[in-house]
Amino acid sequence: MSFHITNQIIKKEWTDYNKHMNVAYYVLVFDESWEVMLQKFKIGEDSAKTTGMSTMVVETYITYNNEVKEGEEVEVFLTYFDHDKKRLHYKLEMYDKATNTLSALSLIHISEPTRRRGI
């Protein structure tokens with residue numbers, strides 16, 4: 001089951017000379033979306049500061065399916081797969097809101113902050 005996390009309007013400074021979103025900003029949109037989800041479940045920045053416990057990305061895989069251009073709006077959805085006491089596996093999908101087409105996909109593995117892989 002997928003959950004809507006956030007919407008984002010593509011900013012001019014995020015685009016490159018080809019007039020579509022630069023690779024680095026796909027990562028930024030996914031990262032900011034993840035932070036929204038962490039805050040919704042009260043396990044984000046505030047929790048990290050008060051409990052000393054946090055998450056860190058160990059591995060990520062991104063596909064770029066369709067270009068996104070300045071001014072377009074994207075929606076980001078989260079699909080949860082599995083977890084244990086050290087790991088969480090999920091997928092973030094970015095859709096062009098106007099056409100409902102998949103723009104990018106991010107598969108992510110995170111682990112507790114042990115500073116090592118733990119896979």
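1. Glu75 has its place in strand β3 (residues 73-83); helices (H or I, at least four residues) and strands (E, at least two) are DSSP runs, numbered from the N terminus. The model is a predicted one, in which local features need pLDDT of at least 70, side-chain atom pairs count only at pLDDT 80 or more, and totals for chains, interfaces and linings use all residues. Residues are numbered from 1 along each chain as its sequence is written, and side-chain values use heavy atoms, with hydrogens and water left out.

2. Is Glu75 buried or exposed? Glu75 counts as buried, because its relative accessibility is 16%; buried means under 20% relative accessible area, exposed over 50%, and partly exposed in between (1.4 Å probe, protein chains only). Not counting residues up to four places away in sequence, Glu75 touches His4, Thr6, Asn7, Glu93, Met94, Tyr95 and Lys97, where contact means heavy atoms within 4.5 Å. The C-alpha atoms of Glu75 and Leu102 are separated by 9.6 Å, although these residues are 27 apart along the chain.

3. Thr6, one of the residues that Glu75 touches, is found in strand β1. Thr6 counts as buried, at 18% relative accessibility. With residues up to four places away in sequence not counted, Thr6 touches Ser33, Val74, Glu75 and Val76.

4. Asp96 is buried yet has no salt bridge, and the nearest side chain of opposite charge, Lys69, is 9.1 Å away. A salt bridge is a side-chain nitrogen of Lys or Arg within 4 Å of a carboxyl oxygen of Asp or Glu.

5. What lies around Asp96? Leaving aside its neighbours within four places in sequence, Asp96 is in contact with Glu72, Glu73, Val74, Thr101 and Ser103.

6. How many salt bridges does a search of the whole structure find? The search finds 3. One of them joins the side chains of Glu45 and Lys49, at 2.8 Å from N to O. Glu45 and Lys49 are 4 residues apart in helix α2 (residues 45-51), so they are separated by about one helical turn. Glu45 is partly exposed, with a relative accessible area of 43%, whereas Lys49 counts as exposed at 64%.

7. The side chains of Glu67 and Lys69 also meet in a salt bridge, at 3.6 Å from N to O. Glu67 is partly exposed, with a relative accessible area of 43%, and Lys69 counts as partly exposed at 36%. Lys69 is 51 residues from Asn18 in sequence, and 9.3 Å from Asn18 in space, C-alpha to C-alpha.

8. Lys91 forms a salt bridge with Glu93, and their closest N and O atoms are 3.6 Å apart. Are these two residues buried or exposed? Lys91 counts as buried at 18% relative accessibility, and Glu93 counts as buried at 11%. Glu93 is also among the residues that Glu75 touches.

9. Two residues other than glycine have a positive phi. For Lys19 the value is near 70°; this residue is found in the loop between β1 (2-9) and α1 and is exposed, with a relative accessible area of 62%. Asn18 lies in the loop between β1 and α1 and is partly exposed, with a relative accessible area of 44%. For Asn100 phi is near 55°; this residue is in the loop between β4 and β5 (101-111) and counts as exposed at 56% relative accessibility.

10. A final point concerns the surface. Val23, Val27 and Tyr64 make a nonpolar surface patch of about 260 Å². Patches are made of residues with over 30% relative accessible area and no salt bridge: like charges are joined within 9 Å, nonpolar side chains (Val, Leu, Ile, Met, Phe, Trp, Tyr) within 5 Å. Accessible areas come from the Shrake-Rupley method with a 1.4 Å probe, and for residues only the protein chains shown count as cover. Val27 is found in helix α1 (residues 23-40) and counts as partly exposed, at 40% relative accessibility.

Note on methods
Lys and Arg count as positive and Asp and Glu as negative; His and the chain ends are not counted.
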